[in-house]
Amino acid sequence: MTASACLASGNSEGVGLGGVKWNKMAAHLSYGRVNLNVLREAVRRELREFLDKCAGSKVRDGAGDPALEPWGRLGLIRSLTAGAPEAIVWDEYLTGPFGLIAQYSLLKEHEVEKMFTLKGSRLPAADVKNIIFFVRPRLELMDIIAENVLRYLPELMFGPEEECYLESDQTSLYHAAKGLMTLQALYGTIPQIFGKGECARQVANMMIRMKREFTGSQNSIFPVFDNLLLLDRNVDLLTPLATQLTYEGLIDEIYGIQNSYVKLPPEKFAPKKQGDGGKDLPTEAKKLQLNSAEELYAEIRDKNFNAVGSVLSKKAKVISAAFEERHNAKTVGEIKQFVSQLPHMQAARGSLANHTSIAELIKDVTTSEDFFDKLTVEQEFMSGIDTDKVNSYIEDCIAQKHPLIKVLRLVCLQSVCNSGLKQKVLDYYKREILQAKWLLLQTYGYEHILTLSNLEKAGLLKPQAGGRNNYPTIRKTLRLWMDDVNEQNPTDISYVYSGYAPLSVRLAQLLSRPGWRSIEEVLRILPGPHFEERQPLPTGLQKKRQPGENRVALIFFLGGVTFAEIAALRFLSQLEDGGTEYVIATTKLMNGASWIESLMEKPF
């Protein structure tokens with residue numbers, strides 16, 4: 001669920017918000033059975049109310065005020081001086097998410113005159129009375145905040161946001177439950193709730209309790225969603241560790257997509273001038289927005305990368321033919337018609353040029369020998385080959401001092417595909433990473449003893465329990481590995497990983513048809529409980545489905561989701577006989593590298 005504008009740094013006041021084409025670029029959110037603009041507008045309204053009440057309000061972080069609570073939980077420092085201009089200081093990490101709902105003009109309308117990025121220095125002087133800090137609860141930010149708090153001490157209050165770390169902190173689950181209650185307030189009560197995993201069970205329990213506490217207020221909105229599926233990431237640890245092979249997934253794997261934007265090497269995007277010999281190439285990264293408002297991106301984002309080239313080639317021929325039509329325009333009417341189509345044609349040509357350049361950048365990576373070797377090892381693990389022994393490619397990566405994230409991602413993938421590593425294999429990898437005679441500990445660092453501990457706590461790296469490997473049973477029952485994959489015209493979700501069908505998405509597919517009763521044995525093997533809850537609807541709000549009408553299912557990934565999983569769910573939505581359209585919600589977008597990095601111990 002994304003809008004188009006993004007908070008961007010670099011203007012004279014420190015931080016700025018884009019949004020010149022805000023409404024146009026967010027129009028795609030209204031497509032389909034679920035109008036996501038309703039949600040975006042509701043959150044924008046809450047932000048406006050928060051800014052209006054912030055100045056002079058003595059309600060700490062929105063406590064007790066339902067309209068303010070979602071924003072109070074974000075963590076803020078604010079003054080208590082009323083009736084004066086405000087400044088916002090942003091934790092840079094939060095600027096992107098906020099940019100999906102607000103542009104600068106909205107903030108300016110509500111007395112926000114200056115914005116700054118929180119950096120390792122004191123804030124510049126600002127002629128404002130009210131200062132709001134939007135921050136995450138990170139220790140490294142505390143000293144920076146403290147320096148500025150002391151400067152404004154008589155005027156400021158502080159309230160941090162809680163997050164779920166490796167400890168048993170359920171705050172993020174509470175926020176997920178609150179978010180789902182907000183969705184139900186906007187889109188109607190969801191009649192059926194299914195779930196798998198311990199965190200899913202806890203979120204469902206919180207939702208039931210919250211509904212019980214508000215029994216006096218009856219939701220009279222006709223339900224948009226037929227059911228909700230809560231999936232704990234711990235149920236499917238495998239999928240994020242594998243390399244995504246869709247176009248969008250590979251962009252994220254190689255360059256990282258942040259809040260619908262990607263930064264790319266500028267060389268491929270420099271205008272080619274004859275005779276300049278490549279001089280004066282741009283040095284600043286090319287920043288592009290990626291969402292379905294762009295026709296070409298909407299068409300290719302979910303395709304396997306091997307199918308993208310032919311689409312770009314056909315699109316190039318169509319655009320070229322369209323421009324050639326100018327020679328056939330003879331009458332004034334024909335010329336006028338061509339001119340009216342010109343802006344769209346030029347935008348299409350620019351879009352094609354951008355995605356051709358991105359495809360070339362990706363191809364440089366995917367055709368490399370190392371990418372092929374790594375992918376081969378991944379696919380061997382996922383298909384059940386040699387998961388119980390030390391892998392020679394991983395050994396070579398350690399010996400050649402490849403990035404630690406890459407090494408850990410492969411070791412964790414092997415562990416998950418073997419239901420844990422044999423103790424001697426696990427000990428060998430740990431010894432090689434931390435104590436190898438060629439001084440690898442100097443490459444990776446002693447602090448990664450704690451990293452390995454974090455991976456064990458997360459269930460990614462562990463010894464095999466009882467010498468039993470359950471993965472073959474899970475793989476065969478759920479058909480997680482498909483030998484014959486049609487990447488060009490796929491017939492199964494396994495195309496997103498060129499053979500591996502995401503376990504999470506297969507569970508969603510089987511829930512829709514024929515139901516989870518057909519896989520009871522596997523559900524018992526997978527971590528955590530599985531359950532079903534029903535929420536009664538008042539008479540008159542119960543859905544009567546028309547013949548041929550698809551169900552609408554909301555899937556909430558607790559712990560993150562990959563772009564490849566989203567692509568697989570979109571694929572299922574588009575199947576003629578699929579019977580279900582999927583809307584995806586998540587706590588975060590992720591890939592294997594970002595996941596491993598989040599679990600790595602940072603050096604002091």
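An open sheet of 3 strands has the order 10-11-12, with antiparallel pairing. Two strands count as paired if DSSP finds at least two bridges between them. Strands here are DSSP runs of E with at least two residues, and helices are runs of H or I with at least four; both are numbered from the N terminus. The model is predicted: local features need pLDDT of at least 70, side-chain atom pairs count only at pLDDT 80 or more, and totals for chains, interfaces and linings use all residues. Residues are numbered from 1 along each chain as its sequence is written, and side-chain values use heavy atoms, with hydrogens and water left out.

The edges of this sheet are strand 10 (257–258) and strand 12 (286–289), each pairing on one side only. Strand 11 (residues 261–264) is joined to strand 12 by 4 bridges. Within that antiparallel pair, Lys-263 stands opposite Lys-287 of strand 12. The loop between strand 10 and strand 11 holds Asn-259. This residue is not a glycine, yet Asn-259 has a positive phi of about 55°. Asn-259 is partly exposed, at a relative accessible area of 24%. Buried denotes under 20% relative accessible area, exposed over 50%, and partly exposed the range in between (1.4 Å probe, protein chains only).

Strand 8 (residues 192–196) is largely enclosed by the rest of the structure, because 5 of its 5 residues are buried. Gln-192, Phe-194 and Lys-196 point one way from strand 8, and Ile-193 and Gly-195 point the other way. Strand 8 pairs in the parallel sense with strand 9 (residues 227–232) over 5 bridges. Here Gln-192 has Asn-227 as its bridge partner in strand 9. Strand 8 also runs antiparallel to strand 13 (residues 530–534), again with 5 bridges. In strand 13, Glu-533 is the bridge partner of Ile-193.

Across the protein there are 24 helices and 15 strands. Of the 604 residues, 50% are buried. Contacts were defined as heavy atoms within 4.5 Å. Among contacts with a separation of 6 or more, 78% involve residues 24 or more positions apart.

Cavities and pockets were located on a 1 Å grid over the protein atoms alone: in a cavity a 1.4 Å probe fits but cannot get out, whereas a pocket is an open set with protein on both sides within 12 Å along at least five of seven lines; lining residues have an atom within 4 Å of a point. Points are joined across faces, edges and corners, and a volume is the space filled by probe spheres set on them. The count is 3 cavities of 30 Å³ or more. The second largest cavity has a volume of about 40 Å³. Its lining includes Leu-231, Asp-232, Ser-504 and Phe-557.

The second largest pocket holds about 430 Å³. Helix 16 (404–416) and helix 20 (471–477) each give two or more residues to its lining. The lining comprises 21 residues; Val-416, Ser-419, Lys-462, Ile-474 and Pro-527 lie nearest the centre of the pocket. Ser-419 is found in the loop between helix 16 and helix 17 (423–435). Ser-419 has a positive phi of about 55°, although it is not a glycine.

A cis peptide bond joins Arg-513 and Pro-514, with omega about 10°. Pro-514 lies in the loop between helix 21 (503–512) and helix 22 (520–525).
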